[in-house]
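Welcome! Take a moment with the view below, and then read on.

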Amino acid sequence: MQLQSPESVGEKAARRTVAKLGARQIETAEMPVLFEAPVASSLIRHLVDAISGSAQYRRASFLLDKLAERVAASTLTIREEPHLFGAIGSAPFDDDGVATSPKTIVDSGTLETYLLGAYSARRLKLEPTGNAGGVHNLIVGHQDRALDELIADLDKALLVTELMGFGVNTVTGDYSRGASGFFISEGKIDHPVEEITIAGNLKTMLLGIQTIANDVDRRGNIHTGSILIDKIAIAGA
């Protein structure tokens, strides 16, 4: 895996810290929310948790029995690529010793497979998918658009760069987390924002994905660009 230089990490951290100076709340509203790539991966993680074999056989998922059905907007396609050279999630076998293989998990919004280890596969009377212990390099498809282009198209929106708290219920899909970031006005970053809460339901949030930018963050096991969702409630001042 290729690591960034300490100098580049330090410079980026300094720029982001300075950009947050003078942060304030915004008024309570409902507006588009753009999740920056490093935090956008958490949305994909919630989807992964919901389609895991354990969530399915325990009947504890907001995506229960959704195989071959639409679970997200057509803009969302997710592939698992477990054999990428140098990637952090690459593995020839899962924790059960089942061979891993590339596969499409979500195809243009339609759920193609659950994520199953040997035990959960037996409980569901399905075949293991090589996912005992988790996923291996999820690649989220993106559009050929930069983050700056997405921001330029937004009249009034929120760019989320940090999420806080654990207010996510993967049984019901209810979603409520503290957030900070930047308020977008007329296609430009207007000012930093803090002490707000974003709330909705993961079912409608996934179906509301409008665009995924090409600023893919490859540092973790989920490779995704920034994700724009059409409308989420924001609790502020």
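Which element gives the largest share of the lining of the second largest pocket? H1 does, with 3 residues. Please keep in mind throughout that this is a predicted model.

## The second largest pocket

Let us stay with this pocket for a while. The second largest pocket has a volume of about 160 Å³, and 11 residues line it. If you want to find its centre, look for Arg16, Glu36, Leu159, Thr161 and Phe182, the lining residues that lie nearest to that point.

At least two lining residues come from each of helix H1 (6-19), helix H5 (147-152) and strand S6 (156-164).

## A sheet of five strands

Next comes an open sheet, whose 5 strands follow the order S4-S3-S2-S5-S10 with mixed pairing. At its edges you will find strand S4 (110-111) and strand S10 (222-223), each of which pairs on one side only. Strands of a sheet pair through backbone hydrogen bonds, in either a parallel or an antiparallel sense.

Both senses can be seen here. Strand S5 (residues 138-140) runs parallel to S10, with 2 bridges between them, and isoleucine 139 stands opposite histidine 223 in S10. Strand S2 (residues 78-80) and strand S3 (residues 103-107), in contrast, are antiparallel and share 3 bridges; there, isoleucine 78 stands opposite valine 106 in S3.

## A hairpin to look for

S3 and S4 also run antiparallel, joined by 2 bridges. Aspartate 107 has threonine 110 in S4 as its bridge partner. These two strands, S3 and S4, form a hairpin with 2 residues between them. In the turn, serine 108 has a positive phi of about 50 degrees.

In soluble globular proteins, nonpolar side chains tend to be buried together. The largest nonpolar core in this model has 48 residues, and the members that touch the most others are Phe35, Ile44, Leu76, Leu158, Val160 and Ile198. Helix H2 (residues 37-50) provides the largest share of this core, 7 residues. A second, separate core has 11 residues, including Leu154, Phe182, Ile184 and Ala213.

What does isoleucine 198 contact, leaving aside its neighbours within four places in sequence? Among its partners are Phe35, Leu158, Val160, Leu163 and Tyr175. Isoleucine 198 is also in contact with Ser176, Arg177, Ala179, Ile232, Ala233 and Ile234.

Technical notes
Residues numbered from 1 in each chain as written. Predicted model: local features only at pLDDT ≥ 70, side-chain atom pairs only at ≥ 80, totals over all residues. Heavy atoms only, no water. 1 Å grid on protein atoms, 1.4 Å probe; cavity = no way out; pocket = protein on both sides within 12 Å on 5 of 7 lines; lining within 4 Å. Points joined across faces, edges and corners; volume = space filled by probe spheres on them. Helix = DSSP H or I, 4+ residues; strand = E, 2+ residues; numbered from the N terminus. Pairing = 2+ DSSP bridges. Core = buried A, V, L, I, M, F, W, Y, C linked by side-chain atoms within 4.5 Å. Buried < 20%, exposed > 50% of the residue type's maximum accessible area, 1.4 Å probe, protein only. Contact = heavy atoms within 4.5 Å.
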